[in-house]
Amino acid sequence: MDLKLILIAFVGLFYSSYSQKEGNECISANAKYCGECIQAGAKCGWCSDPNFLKQGETVSSRCDELQSLVKRGCNKTFIENPVGRRKIVKNTEVTDRNKAPKNLKPEDITQVQPQKVRLTLRSGEPQAFELKFKRAEDYPIDLYYLMDLSFSMKDDLENVKNLGTSLMKEMSKITSDFRIGFGSFVEKTVMPYISTTPAKLLNPCTGDQNCTSPFSYKNVLPLTSDGSRFNNLVGVQQISGNLDSPEGGFDAIMQVAVCGEQIGWRNVTRLLVFSTDAGFHFAGDGKLGGIVLPNDGKCHLENNIYTMSHYYDYPSIAHLVQKLSDNNIQTIFAVTEEFQPVYQELKNLIPKSAVGTLSANSSNVINLIIDAYNSLSSEVILENSKLPEGVTIAYTSRCKNGVTNKGENGRKCSNISIGDEVHFNISITSKGCPKQGKPEVIKVKPLGFTEEVEITLNFICECDCHSKGIKNSPDCHFGNGTYECGACRCNEGRVGRNCECSSNDVATEDMDQTCRKDNGTDICSNNGECVCGTCECNKRENPEERYSGQFCECDNFNCDRSGGKLCGGHGRCECRKCICDPGWNGTACDCSLDESTCLAKNKQICNGRGRCECGACKCDDPKFQGATCETCPTCPGVCAEYKDCVECRAFGTGEKKETCEKECNDFTLTKVPTRDKLPQPNSEPYPVMHCKERDANDCWFYYTYAVTNSTEKVVHVVEEPECPTGPDIIPIVAGVVAGIVLIGLALLLIWKLLMIIHDRREFAKFEKEKMNAKWDTQENPIYKSPINQFQNPNYGRKGAVL
């Protein structure tokens, strides 16, 4: 028994926590005033009607979902439901080069629209606007070439000396406004990165190699449009040297990013080409040289030389990402094939960056830069500044060819050509109200571009009726609160619906006594709390369910149910009893008094074969079924009546195949594989009629028809009809031919046999006649002997002379 109680308690606790999580956020907020209510969610409203609350309901019951407030009787004019707003403050159209003047200044070119937006946010209600980006034609470009001048890059320097004019010529095909600059780096000027012996500080190279002193970073040439000047200054540069393989390139990148004035960056496309054949040091590596101070991310160029490399550590990758992004610099890593994997990983951490494979002597550097620029400029990625607490932002992109992306992919579009337009839907949502409640400003911009959208966020923290509140109102128990939005907002230390009690007096025995029904032991029927001698009923997670009454003894959810619905869906529950709608009765309002549903086609109640009870027929004759006792599944004629409909639905043939969907949808059809799978008369709790009919193809099909106890018409049909098999032509022809041949042979044999018998009979007859024949010549008077005899007269004479 104890185990059962524990299990029930556990299930109740689980259900309670689940409901709290998934339930009505308006009720869960337990709001005591209107501003607190509207911050709970976008669906929440506050009823400011002074007479809205019923006996036992708390002030927080004024906060509920809008539909629920209307159902509970709050007039829409009293519902406080402020909504957010959106206003486009600055909306300059993106530049169309076909219509714009030819000599546009960089600051006059617009690629992002709009430029300023003001959003008024209500908690939980998103506000969205459309951002348009169009890649401008002939957009200016600043390119800064940052090169590793350690000894291993000696042959590369020779090829870079003519880079200025050559790159100018190639970039003129992309833009008419191009500037180029040059910087170099080696390593921090402390041990163990370089040798600090006096000789090595003058010439760090070995043998007869003439090298310049080691340095961290030099800004050799600020950005300029003079390509020949680039060639001249780079031409006089000398290689230096260091001890370890990784270089101090991160120090140089940081200075290039933050020293905009010295480098000469304009508000145009900014490209940084980082050329090296080695790896890199990063934050923490400075400890090897005794440098522990983190990089401060500030400019420290004096006479175009970085002077604090011995004082500050290398920057971290995250620090570089931030500064490159803040200054809209797109990085191209031109590195040798050996270090490709390392810089590919670095590229994945730095947005709007690219990696190209540098040949052994940098001979392919121009093609590398052109390819990397085309790759970077063909992709747009949006980023935003830090969001205020509780504010979220969502992006949806509509790119070329109708491609739509959401989530993180919604921030970007790829394969963008010059003149292409892409659109981004930016949705911003606030949860709750910031502590200060003051306007906040965030910025959204495409990575690598200087243009941005400035978004001012205003927050709705109070209802409109808040401004009309009456402080120290007499309606709030002699001025112990502010009367606003139809309720008292009590001063500190006061409680109660009208602030009538002190928080120190709310739990006295005398007050509790007035909250017990019939002097019982349960306070507020265990369904509420006694506050200032008055029951305040507990709230339910379901906004439709409420406790009420002087002692919270009533509720509107513990009435009888029918069909899973409270009061059958035909009444309302008041104090645990169903109050039925007109035309319904019963404890669960599930008995209809309307007899129109019992009328048969002959206008008789239940076809004269039953009685109407609660809007449904009870058939007296067991042979008749259906909603109006008109269906007789075992009566003659049922098979013929449903034959055409069964045929068209099961096989798609028959007279009704064209009108099948319209005329034959009043029954449920189920196919079975064989006849023995059809329902049998004794296998179901209702009569079943077996039918055998011939279809349009002269085949037999078998089915059963029945009406279930729930008056549903059910048909089971064998899925394959039985068709008579056609004659096999070949055996028939062969049999006919063989028969003819055999009959012919038989006739020939019979004829031959008869001829033999006949011949033998004739021969026997002949022989017999021959034996009986008598040849008596004398009896024939005309008979003349055929024999003549002659005698030679000389016969017998001896010596006769002839």
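With a torsion of -90° about its S-S bond, the link of Cys-591 and Cys-614 is left-handed. Select these two residues to begin; the model you are looking at is predicted. The disulfide between Cys-591 and Cys-614 has its sulfur atoms 1.9 Å apart. Cys-591 sits in strand β36 (residues 591-592) and Cys-614 in the loop between β37 (610-613) and β38 (616-619), so the bond ties together parts that are 23 residues apart in sequence. Now try showing the surface. Is Cys-591 buried or exposed? Cys-591 counts as buried, because its relative accessibility is 13% and the cut-off for buried is under 20%.

**A reminder before moving on.** A disulfide is a covalent bond between the sulfur atoms of two cysteines. If you search the whole structure, there are 26 disulfides to find.

**Next stop: Cys-554 and Cys-575.** Select this pair and zoom in on the sulfur atoms, which are 1.8 Å apart in a disulfide. The link of Cys-554 and Cys-575 is left-handed, with -55° about the S-S bond. Which parts of the chain does this pair tie together? Cys-554 belongs to strand β30 (residues 554-555), while Cys-575 is in the loop between β33 (571-574) and β34 (577-580), so the tied parts are 21 residues apart in sequence. With the surface on, you will find that Cys-554 counts as buried at 9% relative accessibility, whereas Cys-575 counts as partly exposed at 38%.

The bond links distant parts of the chain, 19 residues apart: Cys-645 in helix α15 (residues 638-651) and Cys-664 in the loop between α16 (660-663) and β39 (668-672). Are these two cysteines buried or exposed? Both Cys-645 and Cys-664 are buried.

Keep the surface on and select Ile-729, Val-733, Val-737, Val-741, Leu-742, Leu-745 and Leu-748. Together they make a nonpolar surface patch of about 660 Å². For a closer look, pick Leu-745, which lies in helix α17 (residues 729-772). Leu-745 counts as partly exposed, because its relative accessibility is 46% and partly exposed covers the range between the buried cut-off (under 20%) and the exposed one (over 50%).

Notes. Residues numbered from 1 in each chain as written. Predicted model: local features only at pLDDT ≥ 70, side-chain atom pairs only at ≥ 80, totals over all residues. Heavy atoms only, no water. Patch = residues over 30% accessible without salt bridge, like charges linked within 9 Å, V, L, I, M, F, W, Y side chains within 5 Å. Areas by Shrake-Rupley, 256 points an atom, 1.4 Å probe, with all protein chains shown as cover. Salt bridge = Lys/Arg side-chain N within 4 Å of Asp/Glu carboxyl O. Helix = DSSP H or I, 4+ residues; strand = E, 2+ residues; numbered from the N terminus. Buried < 20%, exposed > 50% of the residue type's maximum accessible area, 1.4 Å probe, protein only. Disulfide = S-S within 2.5 Å.
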